[in-house]
Amino acid sequence: MTVTRSDTLEAALARVFEGPLVDRASWFALTGGEPLFARGDPADTLYLLRSGRLGVYRPDEADRPHLLGVVRPGEPVGEMALLAGTAHTATVVALRDSEILALPRDAFFEAARHEPDLMVELSRLMILRARDDRAGSAEPSVFGFVAVRPRPIRAFVERIAAAVIASGFTCQVIDHSALSSAAEWFSRVEDSHDYVLYVAEQDEPAWASLCARQVDRLFLVGNALLTPPSNLDYRRGRSDEVDPVDLILLRDPRMRSPANTRVWLDAVNPGRWFHAVEGAAGDAQRMARIITGSSVGVVLSGGGARAYAHIGVLRALHQANVPLDFIGGSSMGAVIGVGPALGWGDDELERQMKRAFVQSDPLSDLAFPMIAMTRAGKVARLLEAAYGDIDMADLAIPFFAVSSNLTTGGIEVHRRGLLRRAMRATISIPGVMPPVVMDGQVLVDGAVLKNFPTDVMRRLNRGPIVGSDMSQARGVDPKTLENPPSWLKWIISGAWKKGPPIVSILMRAATITTDAELDRSRADTDLLILPQPEGMDIRDWKSYDIPVAAGYAAANEALGALDRPVEALRRAPKEAAEKTEAA
């Protein structure tokens, strides 16, 4: 949902800023990249944006700026903190040259006494913004594509625009021929289209610089097999609070999988990165979904052997033609989720999971419990066989895994580096497997602190989130704990291969989530799937079919209850219906 101002609010604001208190209001201009105010600053002024665009930012857990939304002309800024009497909770930065009117706090409250409509409409706006997790600001709608490779990118951008239009939106591509146009022309084009895409080639530095100052979000488009150019600073002078640029790496269709991404990430330090094949319609459609806020992110929770249910969920999503544009997870959810990111189909995912877990008894290398119940050597060999030396940054679909950092007490989000190392960290259940040490940090199972990391996905994806959560699915058999087998019977029966009953306790303890945390995580989803695999233990790696069937059934039930496609779940029902009919 995009929150927009009402005519009543606009009229009330006009009367305040242009009426009897006009002498109390001040006018000033901000250049692109200049902050209006910073998070933590006192809220002593009401601002009204007259022209330009402002970006609203808040730092994420890694202290990187995260774009919450865009403020457009005619909208107020800073009213929530002003009325609440608190400091600003976000940083607001000019995305382009902007003109702003400012009214001091005391003058605002004086005006409010004579303009009851103002307080009513501001209250309405704040309620809508509070309900909308995008801070009530408009979604980005103006995007720039700047080539950082010799080969032109215009055809690629045109394919994205065509996919946007095919989704039922209006879209305009603007190239260097508009370099001499007046500012009013740009504003008219942006106001008359749902989305505007600026495209600049590598040999158009002046136009590229203008594009960077004009857009809500910027994509650099390069070629992974080429060396990044030395000059990538298209946003010179912009505040550090501004979101990092995004990166798109195009590759030749003959190149089966991405490579060399790490070099580009070191050079660009992008907020997000995407891989696309030259001329591939599917990749252009995926970028169109990302631009229009229709991209689908899938989050899979931990849950030990019960997390096999996610395999059934993914199968149901594929059969329903739900696109997987972002994937992330914790613990076993991450291990399963990385399959589609690697390009594995449903059959290949099933084959790999059965080979690694059903047939191999991954926790059977028991050890004297100095640090953990197992040596994890078998797990490490299985991960190396499955992933080799693949770098996470080279995955075709954006993917993340979460581990818990015992050194800092926070979570670690893995998006680049050796895939097998990240997978080893995210499944390192304390007491069951030894921790992983990375860069001096001690990492254990992601489920310890963040079993269902939907908030991480929300920072990457503005579109719908599909979540499959096993957090509260029963996973410990009380009979096993009340009447544990003797050592001799335990060994003779072969049950030792999945670890002693204490492993169930440790695994379940690691995946328990507080009600408050669980509510927050589930609130971030637009489609919540809750598989209920009955009759299996959390460490019962041989019981494959039961959880897979449970996940498949739960996903189909959730999908069947929808009134519109998954891609449209972030839009208001009426808007979604109109776009679907147009498409």
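The model is predicted, so local features need pLDDT of at least 70 and side-chain atom pairs count only at pLDDT 80 or more, while totals for chains, interfaces and linings use all residues. Residues are numbered from 1 along each chain as its sequence is written, and side-chain values use heavy atoms, leaving out hydrogens and water.

Let's start with the whole protein. It has 21 helices and 22 strands (DSSP runs, H or I of at least four residues for helices and E of at least two for strands, numbered from the N terminus). Of its 583 residues, 57% count as buried, meaning under 20% relative accessible area with a 1.4 Å probe, protein chains only.

Now zoom in on helices H11 and H14. In general, two packed helices are described by the angle between their axes and the distance between the axes. Here, H11 (residues 332-341) and H14 (residues 419-426) pack at about 150°, with axes 8 Å apart (axes are lines fitted to C-alpha atoms over the stretch in contact, and angles run from 0 to 180 degrees between N-to-C directions). That makes H11 roughly antiparallel to H14, a label for angles over 145 degrees.

Which residues of H11 and H14 meet? From H11 come Ala334, Val335 and Val338, and from H14 come Leu419, Met423 and Thr426, with contact meaning heavy atoms within 4.5 Å.

H14 itself is mostly covered, with six of its eight residues buried. Among them are Leu419, Met423 and Thr426, and Arg424 is buried in H14 too.

Conventions
Angles under 35 degrees count as roughly parallel, over 145 as roughly antiparallel, 65 to 115 as roughly perpendicular and the rest as oblique. Buried means under 20% relative accessible area, exposed over 50%, partly exposed in between (1.4 Å probe, protein chains only).
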